[in-house]
Amino acid sequence: MKESLILGAAVLSFLLICSGLAVLFNKKSGSETSRKMAEIWSTRTRMWWGMAAIFVVALLTKSVGSIIVFSLISFMLLRELITVTPTRNEDHKVLLSAFFMILPIHYLLLISNWYGLFVILIPVYAFFVVPTMIAATGSLDRFFERAAKIQWALMLCVYCVSHAPALLLLRMDGAPFPNAPLLMFLIIVVQAKETVASLVNTLPNMHPTLKTENVQWTMTWEGVLTGTAAACAIGLALSPLTEFSLPQALAMSITISFMCGASNMCLAGLKSDWGRHGTVLIECHGAMIDRIMPLCFAAPVFFHLSRFYCLTATPVGFH
Amino acid sequence: MKILDQLAGWFLIGGARFVSGSVTRWAGCQPSKRQRIYYANHSSHLDIILLWASIPSSVRKIVKPAAARDYWSKTKGRRFLALNVFNSIFIDRVFEGMGPRAALKSIESVVEGMGEKYSLIIFPEGTRGDGEKLGEFKSGVYHIAKRIDDVELVPVYMENLNRILPKGMLLPLPLLSNVTFGAPLKMENGEKRDEFLERMRQALLDLKEI
């Protein structure tokens, strides 16, 4: 109880400081670069308040609340991705079942702790169901392309996202907050990497990681390195909350940073596919994918590494 | 019964906005109470509801959608929606072989319904398209515009609705959509019918790229 209060106070004061800084940055920003950085900072701060709310819900409702919140995130993300992906009207029913059958079943499995089916529902069963339903529509044009698009969207938006709340079910008995430390660790490390990297990326005269004409490619070497350093520092600082030893925490932070980098590269690829019009279309609606994609990539890898290599992180009640 | 109409209206507006996750962009003009003809591409049953819902409520009171009589007066439910909720004007679609007199009568009733106060929502393609191509415009809108002094024609491009609820489907797919209002056009003195319709159509097509 005492620890919860200390943690709560720490988080609250951190958020207040961040919001204060955001106001300050917005007032002071003059040049183009500092304006952009102030914008990044205030978007991030707003997001952190939301995340803190998710944690409060998680602690109060014994994970079910958080799982429901993440299922809504999945829903909105899938909605965004399918919106900018050209699909055919023949596939209307297939897409309906992705939204209203596969997604809810997947999250229900998580709520009911059925781990065995949870990890294979989409990669195995949906993998057969989706193309079969497409074939059953009777229109076989571009069959492979249609099946691949829907399967990819399900993997990214439902399967990957759901591994973040799945962390709530891994119990670390020695940690002060038995069911939330891993999710907290993941989200905070991802945020540290992404915030520092995107701030550094906006600075002038940085070295892009890839020589390309494509404007979507914003990664720079300086961003990657400083972001990873920030992630490692935060990861090490958080290790007492979890049961990770220091080297384990360091390895996890580096892995998470690596996955964030991978997600940024893939996001650049997606955006170049959508073109300017598609990108603007989802930006009008808030472009959730920009903020969630790093988590999508990091969550499943972090989940399985925690499960395999940290022996005390044992699943509770998974059958 | 007024309350029931209102409730049905709110329910439809909320439902349409939720299902279509729509963002309204007033790119070429602002909402206004002056007399206008809003014309849009037509690809889904949601079009009429969503376009109507995208207009702010104070202006919406003076906007009447044109509803095809053959479709909207068929059942009691449709009649209720068309007349009580949307406050629409029935328009008689002119099919081949009906002659010029029927067309004239149909236009007459719309102009009368608009009076000097009401704006109109119309889908000049006449019927739902496949959502990819914009069909040819029927000439009705030209004749209506000609009859009303100083009316503004506002193009409205409705994106993605054909994917949310395509022709013949019952359940909507929860995708996102945009409703974009473009810059108003006005008919020039002595402008020919086909030229004017083409200018309108082009203005709508241009909104696709914004």
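**Cysteines and strands**

Modeller: Over all chains, a search of the whole structure finds zero disulfides, a disulfide being a pair of cysteine sulfur atoms within 2.5 Å. A:Cys232 is in no disulfide, and the nearest cysteine sulfur, that of A:Cys260, is 11 Å away. This is a predicted model, in which local features need pLDDT of at least 70, side-chain atom pairs count only at pLDDT 80 or more, and totals for chains, interfaces and linings use all residues. Residues are numbered from 1 along each chain as its sequence is written, chains are lettered from A and ligands numbered from 1 in the order in which they are written, and side-chain values use heavy atoms, with hydrogens and water left out.

Biologist: Is A:Cys232 buried or exposed?

Modeller: A:Cys232 is buried, at a relative accessible area of 12%; buried means under 20%, exposed over 50% and partly exposed in between, with a 1.4 Å probe and protein chains only.

Biologist: Turning to strand β6 of chain B, how many of its residues are buried?

Modeller: Eight of the eight, residues 152–159, so the strand is largely enclosed by the rest of the structure. Strands are DSSP runs (E, at least two residues), numbered from the N terminus.

Biologist: Which strand runs parallel to β6(B)?

Modeller: Strand β2 (residues 36–40) of chain B, joined to β6(B) by five bridges; pairing requires at least two bridges found by DSSP. B:Arg36 stands opposite B:Glu152.

Biologist: And which pairs in the antiparallel sense?

Modeller: Strand β7 (residues 177–181) of chain B, over four bridges, with B:Tyr157 opposite B:Thr180.
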